[in-house]
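Subject: Structure handover

Dear colleague,

Here is the structure for your files. My notes on it follow below.

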Amino acid sequence: MQAELAAKNKQYLWHPFTQMKDYLEQEPLIIARGEGIKLYDVNGKAYYDGFSSVWLNVHGHNVPELNQAIIEQLGQVAHSTLLGMANVPSILLAEQLIRIAPKGLTKVFYSDNGATAVEISLKMAFQYWQNRGISGKHSFITMNNAYHGDTIGATSVGAIPLYHQVYKPLLFSPHVIPYPYPYRAGGEEAAVEDTLGRLESLLQERAHEIAAMIVEPVVQGAGGMIIMPDGCLQKIAEILQAYDVLLIADEVATGFGRTGKMFACEHDEVVPDIMAVAKGITGGYLPVAATLVKEKIYDAFYADYEEQKTFFHGHSFTGNPLGCAVALANLRLMEERGLVEEVAKKSAELQQLLEPLSDQQHVGDVRQKGLMAGIELVRDKETKEPYHWNERIGVRVCQLAREKGLLTRPLGNVIVLIPPLVSTTEELADMVQILSDSIREATT
Ligand code: PMP
C-alpha cells in the first residue's frame, strides 16, 4: 500500500510549507489512523503526535465522545449557512465560547481557520473606526517574527522574513515593534523595556493613524516559541488603551488550555477588544474558527441598513454544524476532565523533564509555557551564535525523532514540543527522551 500511495502522492499532491524537491527525495510518511496521542502510518509504525498535528490536538485521536458528537450531528444536518439564518450547534457553541472567554467579550463571528479569524479581526478593527466616524486610523502594529496565517491580510501583519518577504509588494505595511525575546535581548527586563518603549514612542507620534495592534499573547509560536515575561501583555494593553488603539489577541495557537489557562490573555488578566481563536476549538477535529469581540465593536456595526455599517464578510462554511457540534463536545470534555488545570500541573512536570536538555552543548535556550515548548539550538552556546539556516539543524533533529517514533516540525533552529493536552507524565517523559537523543545525535 505504501508504494502505491507514495506514487500517487508524488503525482498529485503539493504539500503546504514544503519544498517538494526535498520532500520527494524521501520516503513519504503516510498516516493511516490515530489512537490516543499516537498516529500510525500505513505500515503500522506508531509515532507520538509531538506537535499535536500542528498545535491543535487536545484529547488525542479517535476520541469516542468527539466521534459520537459528529455522528449525532450528521444525523441532523451536515451544513447549513449562517448568512441570514442560524443552526443549532452554532448558537450553542457561541454561548459556550462567551461563557469561557475573558469577561467582556460578548459576540462570536465564525470562520474556518486561524488565518480567516485573523483576517476578520483586522477588517473589523479597520471598519470599527470608520463606522464610528473617526477617519485616518488605517494602519496596524504587529511584532517582530509574528505569524498570523497565510491569507493576504494575515500575511501583511506577519513578520517572519522567510515566509513573508516575497509578498511584500502585495501587502499593506504595519508598524513593527519587537516581541520581547529575553534570550536574545539581554534578559527579561531589557526585552520588555524595549518593547514597551518602542510601543509608547510609536503611539505618541502615530496613534491617530493606527487602528489596532495584533499580538500573539504570551507565546509567540511560529516565531520560535518565544515567551513574553509576566506582566508584559498587561502593560501593552494599558498603553494601547491610553492611546485609543484596539488590541487584537491572536489566540489561535495559545487558546483552549494550551498554555495552562483557557486563554493565554488570562495569564495577565487582559481582555482584548478582539480575539481570534481556531486550532484547539474543535479538539483538533474539524476546521472551525471564531473572532470574539467586545460589545463596543459589535455596537459600532449595529445600525440602520442605510448607514452602511454592515460587516460584509463571510465564508461558505461559517458556523458549520458538524464543526460546532464537535467543538461543543470538546469543551464539555475539557471541563469534565478538568483539563486546563491538568495542563497547569503538567506544565511543571514538563519543565522538570526539559531541564536536563540545557546541559547539552548545543542547546542555547529551553522555553516553555504550559504544553508549548521550544528548544533553541545554537552553534556556540557562549556567543549564542545560531546555526546557519542552510544547515537545517532543526530538520535533521526532527528526522531523527521521526525514526525514533516522534513527530514534530522545527521552527528554524528551534525544536518544538507541543503534545496533545491529554498526554500523561510517562508519555511526556518518553517524548522528551526521544527529543533529547535526537538533538544529541544531530549536534555531535
Ligand atoms: N495565528 C497563529 C498565532 C498561528 O500559530 C497560526 C497557525 N500556526 C495561525 C494564526 C494560522 O492558523 P491556520 O493555520 O489555521 O490558518
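Strand 14 (residues 372-380) and strand 15 (residues 385-386) run antiparallel and are joined by two bridges; strands here are DSSP runs of E with at least two residues, helices are runs of H or I with at least four, and both are numbered from the N terminus. Two strands are called paired if DSSP finds at least two bridges between them. Val378 has Pro386 of strand 15 as its bridge partner. Four residues lie between the strands of this hairpin, and Lys384 takes a positive phi near 60 degrees there.

This is a predicted model, in which local features need pLDDT of at least 70 and side-chain atom pairs count only at pLDDT 80 or more, while totals for chains, interfaces and linings use all residues. Residues are numbered from 1 along each chain as its sequence is written, and side-chain values use heavy atoms, with hydrogens and water left out.

With strand 13 (residues 363-369) the pairing is antiparallel over six bridges, and Gln368 is bridged to Ala373 of strand 14. Strands 13 and 14 also form a hairpin with two residues between them, where Gly370 in the turn has a positive phi of about 60 degrees. Strand 17 (residues 414-417) is antiparallel to strand 14 and joined to it by four bridges; Gly374 has its bridge partner there in Val416. Seven of the nine residues of strand 14 are buried, where buried means under 20% relative accessible area, exposed over 50% and partly exposed in between (1.4 Å probe, protein chains only).

Rolling a probe the size of a water molecule over the atoms shows where empty space is left. On a 1 Å grid over the protein atoms alone, a cavity is a set of points where a 1.4 Å probe fits but cannot get out; a pocket is an open set with protein on both sides within 12 Å along at least five of seven lines, and lining residues have an atom within 4 Å of a point. Points are joined across faces, edges and corners, and a volume is the space filled by probe spheres set on them.

The whole structure has two cavities of 30 Å³ or more. The largest holds about 50 Å³, and its lining includes Trp55, Val252, Phe256, Arg258, Lys279 and Leu421. That lining consists of seven nonpolar, two polar and two charged residues; Ala, Val, Leu, Ile, Met, Phe, Trp, Tyr, Cys and Pro count as nonpolar, Asp, Glu, Lys and Arg as charged, and the others, Gly among them, as polar. Domain 1 (2-59 + 338-443) and domain 2 (68-336) each give at least three residues to this lining, the bounds being from an automatic or database domain assignment.

Phe256, one of the residues lining the largest cavity, sits in the loop between strand 10 (246-250) and strand 11 (274-277). Its phi is near 60 degrees, a positive value in a residue other than glycine. Phe256 is buried because its relative accessible area is 1%. Val54, in helix 3 (residues 52-55), also has a positive phi, near 65 degrees. At 38% relative accessibility, Val54 is partly exposed.

The second largest cavity has a volume of about 30 Å³. Among its lining residues are Val218, Met228, Asp230, His267 and Lys369. By class, the lining has four nonpolar, one polar and three charged residues.

Of its 19 lining residues, Val108, Phe109, Tyr298, Phe311 and His313 lie nearest its centre. Strand 4 (105-111), strand 12 (289-294) and helix 11 (295-301) each supply at least two lining residues, and strand 4 gives the most, with four. The lining of this pocket has 13 nonpolar, five polar and one charged residues.

Last, the aromatic rings. Rings of Phe, Tyr and Trp (its six-membered ring) pair if their centres lie within 6.5 Å; planes under 30 degrees apart count as stacked, over 60 as edge-to-face and the rest as tilted. The count by this rule is nine aromatic pairs. The Tyr128 and Trp129 rings have centres 4.8 Å apart and planes at 75 degrees, so they are edge-to-face. Tyr128 is buried, at 3% relative accessible area, and Trp129 is buried at 1%.

Regards
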